[in-house]
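Subject: Structure handover

Hello,

Here is the structure I promised you. My notes follow below it.

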Amino acid sequence: MTAAPPRRLALLGGGFSTDEDGLLDDWVLGQVRASRPRVCFVPTASGDALGYVERFLAAFGPRRCEPSVLPLFRRESDDSALREFLLGQDVVYVGGGNTANLLAVWRTHGVDRVLAEAYDRGTLLCGISAGANCWAEGSHTDSFGPLTSLPDGLGLLPGSVCPHYDSEPGRRPSYRAAVAAGALPAGWGVDDGVGALFREGTPGARLYRVEPDGRGEAVERGVTPRRLAH
């Protein structure tokens, strides 16, 4: 009997939408054994913004892969076709935007269930910002305007996620306070410009573990970085 492929998630602090060097995009493709991996971009969190889709296609079109896009605001496929399409991908790459809206739209279309199935089958699930938040049990987000806690997510990654940990004012102290108060479970603060690979729950890149200390505060532990070479 063939062993089931390992379940894998990647939290991205960059990529084609923010970086010009392309290192994180190359890193994502390097996690897949297929010679021409099928990479699906899911731009739900941005409302399927056309400019975002164009940047993805411009970045991944020249690479050794088969890029595609899953639009949901102008959906054309039925449930069966949508499921077949997503389960046929090697990588599902979720873009940034509004985490709360993303989760609501996915659940309306049943995408949350299909992605959980793809995860169990070994598809690499990854994304930046809202596309990183969505995989966890909760996240630190500006989906409602001010930074706040969102105790909601797909729950494929135990704990919580805070993107832009080093780059956006207020992110770090606000997330630490949320974890300390129990508004969010212990989780991961992700700097911009890095990728963190979780293989069956094991971290493998630069990020921070943020946990309550039992005295009303939160402590953070930096994970040993593995920097991408320029």
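**The sheet**

Six strands form an open sheet with mixed pairing, in the order β3-β2-β4-β5-β1-β10. Strands here are DSSP runs of E with at least two residues, helices are runs of H or I with at least four, and both are numbered from the N terminus. Two strands pair if DSSP finds at least two bridges between them. From one strand to the next, the twist averages 20°. β4 and β5 run parallel to each other, over four bridges. V91 stands opposite L124 in β5.

**How to read the numbers**

This is a predicted model: local features need pLDDT of at least 70, side-chain atom pairs count only at pLDDT 80 or more, and totals for chains, interfaces and linings use all residues. Residues are numbered from 1 along each chain as its sequence is written, and side-chain values use heavy atoms, with hydrogens and water left out.

**Helix α4**

Helix α4 spans residues 99–109, and its buried residues are T99, A100, L102, L103, V105 and W106. Buried means under 20% relative accessible area, with a 1.4 Å probe and protein chains only. These buried residues pack against β2 (38–42), β4 (91–94), α5, α6 (130–133), β6 (136–141) and β7 (148–150). Contact means heavy atoms within 4.5 Å. N98 caps the N-terminal end of α4, with a side-chain oxygen 3.1 Å from the backbone nitrogen of A100. Just after α4, G110 has a positive phi of about 75°.

**α3 against α5**

Helix α3 (residues 79–87) and helix α5 (residues 111–120) pack at about 35°, with axes 9 Å apart. Axes are lines fitted to C-alpha atoms over the stretch in contact, and angles run from 0 to 180 degrees between N-to-C directions. From α3 come L82, R83, L86 and L87; from α5 come V111, V114, L115, E117 and A118. Seven of the contact residues are nonpolar, none polar and two charged. Here Ala, Val and Leu count as nonpolar, and Glu and Arg as charged.

Which residues are they? S129 is one, with phi near 60°. S129 sits in the loop between β5 (124–128) and α6, and is buried at 14% relative accessible area. H164 also has a positive phi, about 55°, and is not a glycine. H164 lies in the loop between β8 (157–162) and α7 (171–181). H164 is buried too, at 13% relative accessibility.

Best wishes

Technical notes
Buried < 20%, exposed > 50% of the residue type's maximum accessible area, 1.4 Å probe, protein only. Polar contact = N/O pair within 3.5 Å; in protein donor to acceptor, adjacent residues only side chain to side chain.
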